[in-house]
Amino acid sequence: MAIIEVDGLVKRYGGHTAVDGVSFAVEPGEIFGILGPNGAGKTTTVECIEGLRRADGGSIRVCGIDAQSGDGELRQVLGAQLQESELPDKLRVGEAMELYSSFYRDPADWRELIETLHLTGKLNAPFRKLSGGQKQRLSIALALVGNPRVAVLDEVTTGLDPQARRDAWDLIERIRDRGVTILLVTHFMEEAERLCDRLAVIDAGRLVALDTPAGLVARVDGRQRVRFRPSAPLEHAVLTALPEVSSVERAGSQLVVTGTGNLLLAVTTALAREQIVAGDLRVEQTTLDDAFVALTGRRIDATNSAGSEEI
Amino acid sequence: MSALSRLTVTETRLFLREPIVVFFAVAFAPILLIVLGLIPSMREPVPELGGLRMIDIYLPIVVSMGIALFSLSGLSQLFASYREKGVLRRLRTTPVRPVVLIGAQLLMATIMSVLTMLVILAIGRLAFDVRLPGQLTAYLIAYLLVALAMFAIGLLVAALAPSSKSASAIGSLVFFPLIFFAGLWLPREAMSGTLRTISDLTPLGAGVQSLQDATAGQWPQPLHLAVLLAWTVVAGGLAARYFRWE
Ligand SMILES: Nc1ncnc2c1ncn2[C@@H]1O[C@H](COP(=O)(O)OP(=O)(O)OP(=O)(O)O)[C@@H](O)[C@H]1O
Ligand SMILES: [Mg+2]
C-alpha cells in the first residue's frame, strides 16, 4: 500500500491555480522526487502534504492519515524540512535538537543524528553562525529527530557547494536505508537522476510525467549530442547532409551536433574527409535534462546546466 | 522533559541572550526606581497623601511599568519575529501545539517579570524604606492579573502587526498611553475626576490601584479586578482569533 497518496490535488492563490489536479502515490521505502522549474508548484504540493497549506481540492493521505484534517498524528509520522525557515538566531545546535526531540512521542537519538550529519563540532554554535550547508544539515537532522516514517525534503541541497551536495546525497541514501520514505523536491537534474527511484515532473501546476529517471530518459532516447571545436571553418551542410544528424548548432567556437544512431562515427568520418580536426570532442548522452526539455518544451533553469553529466 | 518545560527553558535562555531586550524588559524599571528614589523630594512625606511619600506612590507604578515593558517590548516583538523568520511555521510541522508554545512564552514572561517585581520590592524596601505589601495574597493576585492582561495585549499586538518592526512601533504606541494612565507622569492621586475614571478602566491604572490597595493591606476593589479580567479575556480572545503562523 502506498505511504503517500495524493489524488487530484488543487491549490489556488487568489485567481492563480498553483497546483492543478496533481495525483501520485509514493511507495514505502522509496526516494520519490518532485522535479520542476521555479514556480511550478512543488513547494505548494509538499506543503499541502505536510498539512501546512489547505488544499482547494483533492485528497491527501500519509500513512493512511488525512493530511488536511489537522490530525496531530500526521506530525508524528512526517518530518519536514521547509524550503524557507529559520531558527532563532541564538539557538544552539544542541539546544535545537534537544528541543525538537522533546516534541515527539518516540524521538531518535539526537546525538547520533548530529554525529551522522557531521555537526558534532558545532553543538554549541548558534544557528546564526552556521554556514549555509550546516544550516541545511541541521534542518535535515530536525526533520528526522522525531523518527518519522516519511521525510519531506524541499530543496535541501540548494545553495550547497558540489562537495556538500554529494555528501547530502549520501546522507539521504543512508536515511532511506534506515527505512524512511523520502519525498524529495528538487530542481537539480543530477540530484533527481542520482537519488530518486521515481520522479513526478511538475510544470505550471500540472503533473507532466511520472516515471523512473531511466524511464523518463528512455522517452527521448536515441537522441545524442556531439560537441567539438572544428580546426577550420566548416559548412554546416557537410554535417546536416548525414542521415544520422538532425541538427547542427553553433555555441561559441564550438559546434553542437544532435542526432541519432552512430552519430559519433558519422560525424568524425565526415570531418576526416574534410581534413578537419575536432578539438575538445565530447559525446553527451541523453540526460534527464533532455527528457525535461522534451516534456515541458524548455530547460529547467539556467543554473542547472552546469550540473549536467558530460562524458 | 516535556515539550512545555523544554520550550520554557529554551525560550528563557534565548531571552537572556539578548542583552538589549533584557535591559528594557527586566533592568529598566528597577533602575528607574533607584533614580526616582535618589531625588530627595521623593522621600519627603506628603500630608495630602496621608503621610505617604512620592516614592511609596511610585513603587507600584514602576512595578506595572516593568510588566508593560516586558509584554510590549519583549513578548510582542519576539512573537512577530518568530513568525517573520518562519520559526513558527517550522514548529507547526511538529506535534507541538500552538497553545504549548504560547504557554511556554507566558510562563517565561511570568517568571521573569515576577523576578523583576521582587527586585523592585527589595530595592524599595532596602534602599528607600518602602513598606512591603500588607496583604501578600491580594498583592500576588493583583500582580498576576496585571501581568496576564498586559501579556494578552502584547500577544494581540504580535498577532496584528505585519512584521517585527511594526510590532515594536505599535508596542510603543500602546505603551505610552497605558503608562500615562498608570500615573508615571501624573500619579493617580493627582489626576482630575475624568482622568482618574479613564485610568480606572485601563489595565495599568486598575493595576496600580490594586497593587496600592494590597500594599496598604486591603483587598483591591472589585471594579479594578473586573477591569483587569476583562482586558485579559478580550485581548487574549482577539489575540487567539487573529493568531497567524505565517
Ligand atoms: N503564499 C502564496 N501566495 C500567493 N502565491 C503563491 C504563494 N506561494 C506560492 N505562490 C505562487 O504559486 C506558484 C507555485 O509556487 P511554489 O512555491 O509552489 O513553486 P515551486 O515549484 O516550489 O518553486 P521554486 O522552485 O521556486 O521553489 C508560484 O507562481 C508562486 O508565485
Ligand atoms: Mg519551492
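Reply: Domain bounds are those of an automatic or database domain assignment. On that basis chain A is divided into domain 1 (4–217) and domain 2 (222–285), and the centres of these two domains, taken over C-alpha atoms, are separated by 42 Å. This is a predicted model, in which local features need pLDDT of at least 70 and side-chain atom pairs count only at pLDDT 80 or more, while totals for chains, interfaces and linings use all residues. Residues are numbered from 1 along each chain as its sequence is written, chains are lettered from A and ligands numbered from 1 in the order in which they are written, and side-chain values use heavy atoms, with hydrogens and water left out.

The part requested is the interface of chain B with chain A. Here 24 residues of chain B are in contact (heavy atoms within 4.5 Å) with 26 residues of chain A. The size of an interface is often given as the accessible area lost when the parts come together. Buried area is that loss, computed with a 1.4 Å probe and summed over both parts. Chain B and chain A bury about 2,400 Å² between them, and 55% of it lies on carbon and sulfur atoms. On the side of chain B, Lys85(B), Arg89(B) and Arg90(B) lose the most area to chain A, together 28% of what that side buries.

Six salt bridges are counted between the two chains, a salt bridge being a side-chain nitrogen of Lys or Arg within 4 Å of a carboxyl oxygen of Asp or Glu. In one of them Arg89(B) pairs with Glu47(A), with the closest N and O atoms 2.6 Å apart. Twelve residue pairs, both members at pLDDT 80 or more, are in polar contact between chain B and chain A. A polar contact is a pair of N or O atoms within 3.5 Å; within protein, one must be able to donate a hydrogen and the other to accept it, and residues adjacent in sequence count only if both atoms are side-chain atoms.

Helices (H or I, at least four residues) and strands (E, at least two) are DSSP runs, numbered from the N terminus. In chain B, helix H1 (3–16) and helix H4 (87–92) each supply at least two residues of the side that touches chain A. The largest share of that side, six residues, comes from H1(B). By class, the side of chain B that touches chain A has ten nonpolar residues (Ala, Val, Leu, Ile, Met, Phe, Trp, Tyr, Cys and Pro), nine charged residues (Asp, Glu, Lys and Arg) and five polar residues (the others, Gly among them).

Some details of chain A complete the picture. Thr43(A) is found in helix H1 (residues 42–49) of chain A, and its side chain makes a polar contact of 2.9 Å with that of Asp154(A). Over all chains the structure holds 19 salt bridges. Among them, Glu30(A) and Arg198(A) meet through their side chains at 2.5 Å, N to O. This pair links distant parts of the chain, 168 residues apart: Glu30(A) is in the loop between strand E2 (16–26) and strand E3 (31–35), and Arg198(A) is in strand E9 (residues 198–203). Ser231(A) is placed in the loop between strand E11 (224–230) and helix H9 (236–240) of chain A, and its side chain reaches the backbone nitrogen of Val277(A) at 2.8 Å.

Key: Buried area = accessible area lost by both parts, 1.4 Å probe.
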